[in-house]
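Let us read some surface features together, one at a time. Have the model open as you follow.

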Amino acid sequence: MPTHTLIAPSPWTPLAWWLLAAFAAGLALHLLLTLWLAARQARHVQRHRASVPAAFASAISLQAHQRAADYTTDSLRLGMLEATFSTLVLLGWTLLGGLDALNHTLLHWLGAGFAQQLALLLAFGAISALLGLPWSLYKTFVIEQRHGFNRMSLRLWLADACRGALLALALGVPLLAAVLALMQAAGNLWWLWAWALWVGFQLLMMWLAPTVIAPLFNRFEPLADEAVKARILALMQRSGFTVQGLFVMDGSRRSAHANAYFTGLGAAKRVVFFDTLLGKLTAGEIEAVLAHELGHFKRRHIAKRLVAFSALSLLGFALLGWLMQQSGFYLALGVQPALDAASGALDPRANSALALVLFGLLAEVFGGLLQPLWAQLSRRQEFEADAYAAEQASAQELASALLKLYEDNASTLTPDPLYARFYYSHPPAAERLARMQTLPAGAAS
């Protein structure tokens, strides 16, 4: 790395002023939109708390409906506080000089070089994680506890946090070191190589998650219920789908929430049921839920999401490759960049870690504004998966299972329409169940 020093910032460029204005506007818009939509949702849910919607009156009790309303409202209020806190933290990192101060401190301790840049990334990540812990603690032991969902002890929560931190270090340090090495040694097209590394890492995690990572946090046992197993194997056979195995996860150690999912890639694919799910649904309902999840694979939703993710991340890396060469990128976000000691010009390689952190903070602001597009795409795919489940199992059984899960997970049946359009990755209950009534009878009907 060339010799470099930190000097007084050069005069602001038009890019710096433009980026500062865009960042400030985006940050304000993101927070105001988040708070406004959350307030709308809370008011709408409470306004409809007194009675169960007519479409659900025969299946959902008033007590369950009101429990869902109160759980939703409590979660929203906590989310509003957390969003405000996160915005203040982001301001602290950027315009108020927090990241610049951290960078100067590490330069003083370690000197300039690769070790200092890696330390900056790790220190930023560690501080951010610590700032998030109180919110996780409050959500688990106050919100979830108040509404009967939490089953974790403080000891287990701390153990999970420690395991998660160690795993993040084991996986994150080599990845970050490799990206930094590419940024400093791979020339002007470093971003293309870094993108390929990032996509490869994501695929590796999908392959390792079921067999290596998940067992660090939960116990998995083969499905023992022969009736359920027989229906699932028949579903797999007529769908032309194979998996490594059918497993039950001890989700009840941590939460009363229920779920089931497919996970893994290639030969590592497996079906996982929360133990809380098996005690709540009939064999036919479990089959229908699994057929829905299978529909995401058969309709290539997973592959489409991977392609979309890869394309978007490629654009992001390319943009970062350009921005890190602009002094205005750093100055607009409250950071004094490193300059080459001999020429006085910006030294992009000496600012690699700063560029990564700043771009991540920008993505946090502007990425949130794209939420409605991703939510709309996800809802469309959920409808397609429902249709596949109706073909291979039973729409009636799927509707029955979803009603039980809505009730059990305290999911509100009366969301604000605008909030749902902005955030919901799944269609609202009324809309989804109405669509199911139009689906034809399937193979298991």
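**Patch and pockets**

Q: Which helices each supply at least two residues of the nonpolar patch?
A: This is a predicted model. Helices α10 (301-323) and α13 (371-392) each supply at least two residues of the patch.

Q: Which residues make the nonpolar surface patch?
A: Leu312, Leu315, Leu370, Leu373 and Trp374 make it. The patch covers about 490 Å².

Q: Where is tryptophan 374, and in which helix?
A: Tryptophan 374 sits in helix α13. Its relative accessible area is 38%. Tryptophan 374 counts as partly exposed because 38% falls between the cut-offs of 20% and 50%.

Q: Which residues line the largest pocket?
A: There are 36 lining residues. Nearest the centre lie Trp198, Leu356, Phe359, Gly360 and Ala363. Helices α4 (114-146), α5 (154-185), α10 and α12 (352-368) each give at least two residues to this lining. By class, the lining has 30 nonpolar, 6 polar and no charged residues.

Q: What about the second largest pocket: how much space, and which residues lie nearest its centre?
A: The second largest pocket holds about 1100 Å³. Its lining has 37 residues, with Tyr406, Asn409, Ser411, Ser425 and His426 nearest the centre. Helix α9 gives the largest share, 5 residues. By class, this lining divides into 19 nonpolar, 13 polar and 5 charged residues.

How values were computed. Residues numbered from 1 in each chain as written. Predicted model: local features only at pLDDT ≥ 70, side-chain atom pairs only at ≥ 80, totals over all residues. Heavy atoms only, no water. Patch = residues over 30% accessible without salt bridge, like charges linked within 9 Å, V, L, I, M, F, W, Y side chains within 5 Å. Areas by Shrake-Rupley, 256 points an atom, 1.4 Å probe, with all protein chains shown as cover. Salt bridge = Lys/Arg side-chain N within 4 Å of Asp/Glu carboxyl O. Helix = DSSP H or I, 4+ residues; strand = E, 2+ residues; numbered from the N terminus. Buried < 20%, exposed > 50% of the residue type's maximum accessible area, 1.4 Å probe, protein only. 1 Å grid on protein atoms, 1.4 Å probe; cavity = no way out; pocket = protein on both sides within 12 Å on 5 of 7 lines; lining within 4 Å. Nonpolar A, V, L, I, M, F, W, Y, C, P; charged D, E, K, R; others polar. Points joined across faces, edges and corners; volume = space filled by probe spheres on them.
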